[in-house]
Structures are given as C-alpha cells and as structure tokens.
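Here's a quick briefing to read alongside the model. Have the sequence and the 3D view open as you go.

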Amino acid sequence: MKLKNITLAIASSTMLLTTNAFASDGTVNFTGEIVTSTCVVSNGSQGVQTVNLGQVSARSLATAGSTAAATQFSIGLSGCSANTKASIKFDGTPDLANSSILAVTGGATNVGIGLYESDSATALPLLSASKQITTNEQGAGTFNFVAKYVSTGQVTSGKANASATFSIIYN
C-alpha cells in the first residue's frame, strides 16, 4: 500500500510539473491573404539574374562598414492591374557579423553584399520590404536597386559570391 501511495505521489507531482511547462504567456496571430491575380516578373528579370560586382581591391574595404562596387540592377513587373502597389522583400543567407547583408561564399572573409534602394544610400536589410512602387496604367512597373560589397572587418581576398531570392509584396 505504501509503495502504491509513493508511486501515485510521484505521478501526481510529475503531472503538475508537466502542466507548468505548457503555460501560455501570450498569443501571436498570423494574418494574410492569398490572391489569384497578381503581377508577373517581366522578361529579363525572370529566372536567375546575375549582377556582376566585378573585382575589388581588399584595400578599398579596409574598415568595417565601408562599401565598394556599387552596381545597379532592376526587377520589372508586368501583367498587373493598373495602379497596383507593390514592394519587394529579399531573402538569403545573412552574414554572421551583419545580418542585414548577404553572406558571401568562395573564400573572401569579412565582407558581405548589401542591397540598397535606387538612391544607393538607403540600405534594404534582408527580409525587409523595399520602397513601394505603383504600376502604371498598362500594369507595368520597375524596382531599381543597387548592390555593394560591405566590409564587416579586415577583408581578405577570394571569391565573394552570394544569392538571394525575392518575393513581391502587394499592398
């Protein structure tokens, strides 16, 4: 009988501990909408687009935060309704020292690739929506961006490649 009571006491206290582990401190609601008619990425922007940042001297990226090889690129939309409002969000592997920029592969260290709005000064961190555009009456529009190498420390030489995917966000 004593063994049965001890077993019951252990089981009861285990259940109490387990109940506390599932306590709720809050709620997160996720909302969104799936639509049937959206824009399409224009020819020339579809598939894989390569932006060549070229060769850059490690000396031009001597201090953390310095940038080099500013290179413009565009992503076009077509087939939208007139006056559609949209932005773009880039995703990719973030740099360990600066999660706002893309990590590079190929050998170079302490450098990543930063994405910027068309003014080349306004940074566009990964997973953040770009400046919004409004399509024209024909349902077309173009996003203009700049990519740059961004130093996160003393840069060493080597290949410095990265890739990103993007999603269109309709507002």
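Which residue in β8 stands opposite Asp91? That's Thr165. Before going further, bear in mind that this is a predicted model, where local features need pLDDT of at least 70, side-chain atom pairs count only at pLDDT 80 or more, and totals for chains, interfaces and linings use all residues. Residues are numbered from 1 along each chain as its sequence is written, and side-chain values use heavy atoms, with hydrogens and water left out.

**The three-strand sheet**

- β6, β3 and β8 form an open sheet in the order β6-β3-β8, with antiparallel pairing; strands here are DSSP runs (E, at least two residues) numbered from the N terminus, and two of them pair if DSSP finds at least two bridges between them.
- The edges belong to β6 (133-134) and β8 (164-170), each of which pairs on one side only.
- Strand β3 (residues 85-92) runs antiparallel to β8, and seven bridges join the two.

**Ser87**

- Ser87 sits in strand β3, and it is buried, with a relative accessible area of 2% (buried is under 20%, exposed over 50%, partly exposed in between, using a 1.4 Å probe and protein chains only).
- Leaving out residues up to four places away in sequence, Ser87 touches a set of residues including Phe143, Ser167, Ile168 and Ile169 (a contact means heavy atoms within 4.5 Å).

**The five-strand sheet**

- The other open sheet to look at has five strands in the order β1-β2-β7-β5-β4, again with antiparallel pairing.
- β1 (40-41) and β4 (102-103) each have a single partner strand, so one side of each is left without a neighbour in the sheet.
- Nine bridges tie strand β2 (residues 67-78) to strand β7 (residues 141-156), and the two run antiparallel.
- Thr71 has Ala147 in β7 as its bridge partner.

**The largest pocket**

- The largest pocket has a volume of about 870 Å³; a pocket is an open set of points on a 1 Å grid over the protein atoms alone where a 1.4 Å probe fits, with protein on both sides within 12 Å along at least five of seven lines, and lining residues have an atom within 4 Å of a point.
- It is lined by 36 residues, and Val51, Leu53, Ile113, Asn161 and Ala162 are the closest to its centre.
- β2, β5 (109-117), β7 and β8 each supply at least two lining residues, with β7 giving the largest share, four residues.
- By class, the lining of the largest pocket has 21 nonpolar, 14 polar and one charged residues.

Terms used
Grid points are joined across faces, edges and corners, and a volume is the space filled by probe spheres set on the points. Ala, Val, Leu, Ile, Met, Phe, Trp, Tyr, Cys and Pro count as nonpolar, Asp, Glu, Lys and Arg as charged, and the others, Gly among them, as polar.
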